Each structure stands twice: as structure tokens, then as C-alpha cells.
Amino acid sequence: MELRCGGVGSQAVRRRMDGDSRDGGGGGCKDAGSEDYENLPTSASLSTHMTAGAMAGILEHSVMYPVDSVKTRMQSLNPDPKAQYTSVYGALKKIVRTEGFWRPLRGLNVMMMGAGPAHAMYFACYENMKRTLNAVFHHQGNSHLANGI
């Protein structure tokens, strides 16, 4: 598998996933495995991990909250007799039309207040344990076993 690193004009350098370039030149392109864009630097503090976790949790729950509200209503044992929902989208449209735009978002503020601290603690504990177990299982780098545990 090859990655193409853009250069000026037609001087694009092809680079294999193992970092070997086809033309033998560097061309200013980093190795494919030299920097992992998904990870924070190893020197990142606990507060950085907690902030990242809180922001990720709040964003994820805020985006999915209206869908979860609709799904909960669709699964309730005693739904409103006027509620004849056939799909999540149809139910969301009907709720907004009959009860107002803000109805599916009712309670979002309470959920955000709980999701922030919960995800902050989760990310902080996860990153701390991952760093500790990586040192135990695999001294040079990333251990899949440590990530799984």
C-alpha cells in the first residue's frame, strides 16, 4: 500500500506504508509511522487527558441525545396513543411538529453536566493505566494487550 505525499508541481513522492520511498529521496515527506495523529504527546498532562475526555464525552452525548430521546420514547411500554412511529426520523419529525422544536433536547443540560466529569475521569484513568501497562508489557512502545486491558 502506498501513500502519496504532495510536493511542488509534479515532484510528489510515493512512500510505502513501511516508510520506504520509491524514488530514494526524502522529498520533505515524513515517514508514515513517525507521528501518530490520534495520540496526544507522551508528555501530555493529566489535565490535558481529562479536558480531552470531557470535551469528547459532552460532544458525543450532545449530538446523540435527540436520537436517544426518540428511541426511548419509541421503546416505552405505554406510549402516547397518538404516537404511531414507524422510524426514528419519522418520530423525531412528529415530536418536533406536535410538541415543539426543543422537546427532543429537554434534559440535555443535565446530561452534559454528568457526561463531562464522567468522561474526564474515564479518559484520565484509561491513559494512566495504558501508560503504566505499556511499560510493563512492551518496553519499547505500544502494547495491544495494555490497550485492551
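Select Tyr-122, Phe-123 and Tyr-126: ring pairs link these residues into a cluster. Rings of Phe, Tyr and Trp (its six-membered ring) pair if their centres lie within 6.5 Å; planes under 30 degrees apart count as stacked, over 60 as edge-to-face and the rest as tilted. By this rule there are three aromatic pairs.

This is a predicted model, in which local features need pLDDT of at least 70, side-chain atom pairs count only at pLDDT 80 or more, and totals for chains, interfaces and linings use all residues. Residues are numbered from 1 along each chain as its sequence is written, and side-chain values use heavy atoms, with hydrogens and water left out.

Now go to Phe-101 and Trp-102. Their ring centres are 4.9 Å apart and their planes stand at 80°, so this pair is edge-to-face. Phe-101 is exposed, at a relative accessible area of 54%; Trp-102 is exposed too, at 62%. (Buried means under 20% relative accessible area, exposed over 50%, partly exposed in between, with a 1.4 Å probe and protein chains only.)

Return to Tyr-122 and Tyr-126. Their ring centres are 6.3 Å apart and their planes at 5°, so the pair is stacked. Both lie in helix 3, four residues apart, about one turn of the helix. Tyr-122 is exposed at 53% relative accessible area, while Tyr-126 is partly exposed at 30%. Helices (H or I, at least four residues) and strands (E, at least two) are DSSP runs, numbered from the N terminus.

Stay in helix 3 (residues 108-137) and pick Ala-115. Is Ala-115 buried or exposed? Its relative accessibility is 7%, so Ala-115 counts as buried. Leaving aside neighbours within four places in sequence, Ala-115 is in contact (heavy atoms within 4.5 Å) with Gly-57, Ile-58 and His-61. Draw a C-alpha to C-alpha distance from Ala-115 to Glu-60: 9.3 Å in space, 55 residues in sequence.

Next, show helix 1 (residues 46-75) and helix 2 (residues 88-99). They pack at an angle of about 95°, axes 10 Å apart. That makes the two helices roughly perpendicular (65 to 115 degrees). Select Val-67, Val-70, Lys-71, Arg-73 and Met-74 in helix 1; they meet Val-88, Ala-91, Leu-92, Ile-95 and Glu-99 in helix 2. The contact residues divide into seven nonpolar, no polar and three charged.

Finally, colour by pLDDT, the predictor's confidence in each residue, from 0 to 100. The chain mean is 77, with 68% of residues at 70 or more. Confidence is highest in helix 1, at 92, and lowest in strand 2 (residues 13-16), at a mean of 46.

Conventions. Axes fitted to C-alpha atoms, helices over the stretch in contact; angles between N-to-C directions. Parallel < 35°, antiparallel > 145°, perpendicular 65-115°, else oblique. Nonpolar A, V, L, I, M, F, W, Y, C, P; charged D, E, K, R; others polar.
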